[in-house]
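The stops below go from one selection to the next.

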Amino acid sequence: MATYTYKATDMSGSRVNGVINSTSESSAVNSLSKQGLMVLSIDPVKQRSGTFSLFPLKLDDLMTFARQLAIMLNSGVNLAAALEVLAEQEVFSGRFRKIISTLLVNIESGMSFAEALRSENCFDDIFVNLVDAGENSGSLENTLDKVARFYESQKKLKDEVKSATTYPMFILVFGIIMVIVVMFF
């Protein structure tokens, strides 16, 4: 399945830009016209190779995303509506909000949540594979809760390591400064 970006106009004449996943360019145009859109241009999106991301996602964003999504799904909100709400949350960085919006577009075009995460190439394999298992077992909200707890424990460990190395670094820098002062005076 390929991804295409399109520019179209709706029935009222206003411009609409978006992304659609389809097997071919002609089937993408057909599905857009069925939605009442007149396609002006459609271009295939170049797929990124590998799972390397130049700027990895922040642990805080992943942790908050998984926690809030799990809470919303537990309360009965469907996945598309939950992603729509999360895409507008100011707690996430602008880049992460764009990623959530792309996830929403991919899900609305027929992808599963795990496929949409995988297509972004910025979520780690643990997150994607656990979401895939949760979708297949029918317990996505429980799986997302476990993912959130995993990232929270990872953040706690990272903070503890950072705090444990702060004092020795301070002593080292202070010692170097003192040696320099003694040598020159």
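Select Thr 9, which sits in strand 1; strands here are DSSP runs of E of at least two residues, helices are runs of H or I of at least four, and both are numbered from the N terminus. This is a predicted model, in which local features need pLDDT of at least 70 and side-chain atom pairs count only at pLDDT 80 or more, while totals for chains, interfaces and linings use all residues. Residues are numbered from 1 along each chain as its sequence is written, and side-chain values use heavy atoms, with hydrogens and water left out.

Is Thr 9 buried or exposed? Thr 9 is buried, because its relative accessible area is 16%; buried means under 20%, exposed over 50%, and partly exposed in between, with a 1.4 Å probe and protein chains only. Now show what surrounds Thr 9. Apart from neighbours within four places in sequence, Thr 9 is in contact with Ser 14, Arg 15, Gly 36, Leu 37, Met 38 and Leu 40, where contact means heavy atoms within 4.5 Å.

Three strands make up an open sheet, ordered 2-1-3, with antiparallel pairing; two strands count as paired if DSSP finds at least two bridges between them. Strand 2 (15-22) and strand 3 (38-44) are the edge strands, each pairing on one side only. From one strand to the next, the twist averages 25°. Angles run from 0 to 180 degrees between N-to-C directions, and axes are lines fitted to C-alpha atoms, for helices over the stretch in contact.

Take the two pairings in turn. Strand 1 (residues 2-9) is joined to strand 2 by eight bridges, and the two run antiparallel. To see one of these bridges, select Lys 7, whose partner in strand 2 is Asn 17. The hairpin of strand 1 and strand 2 has five residues between the strands, and there Gly 13 takes a positive phi near 95°. On the other pairing, strand 1 and strand 3 are antiparallel over six bridges. Select Tyr 4 and look across to Pro 44 in strand 3, which stands opposite.

Move on to helix 3 (residues 79-86) and helix 4 (residues 94-108), whose axes come within 9 Å and cross at roughly 160°. The two are therefore roughly antiparallel; angles under 35 degrees count as roughly parallel, over 145 as roughly antiparallel, 65 to 115 as roughly perpendicular and the rest as oblique. Their crossing is left-handed, meaning that the near helix is turned anticlockwise from the far one by less than a right angle, whereas clockwise would be right-handed. Which residues of helix 3 and helix 4 meet? Leu 79, Ala 80, Leu 83, Glu 84 and Leu 86 of helix 3 touch Ile 100, Leu 103, Leu 104 and Ile 107 of helix 4.

Then select helix 5 (residues 113-120) and helix 6 (residues 125-137). Their axes come within 8 Å and cross at roughly 165°, and helix 5 passes helix 6 in a left-handed crossing. Phe 113, Ala 114, Leu 117 and Arg 118 from helix 5 make the contact with Phe 127, Val 128, Asn 129, Val 131, Asp 132 and Glu 135 from helix 6.

Finish at Lys 146, in helix 7 (residues 140-184). Lys 146 is exposed, with a relative accessible area of 54%. Draw a distance from Lys 146 back to Leu 117: the two are 29 residues apart in sequence and 17 Å apart in space, C-alpha to C-alpha.
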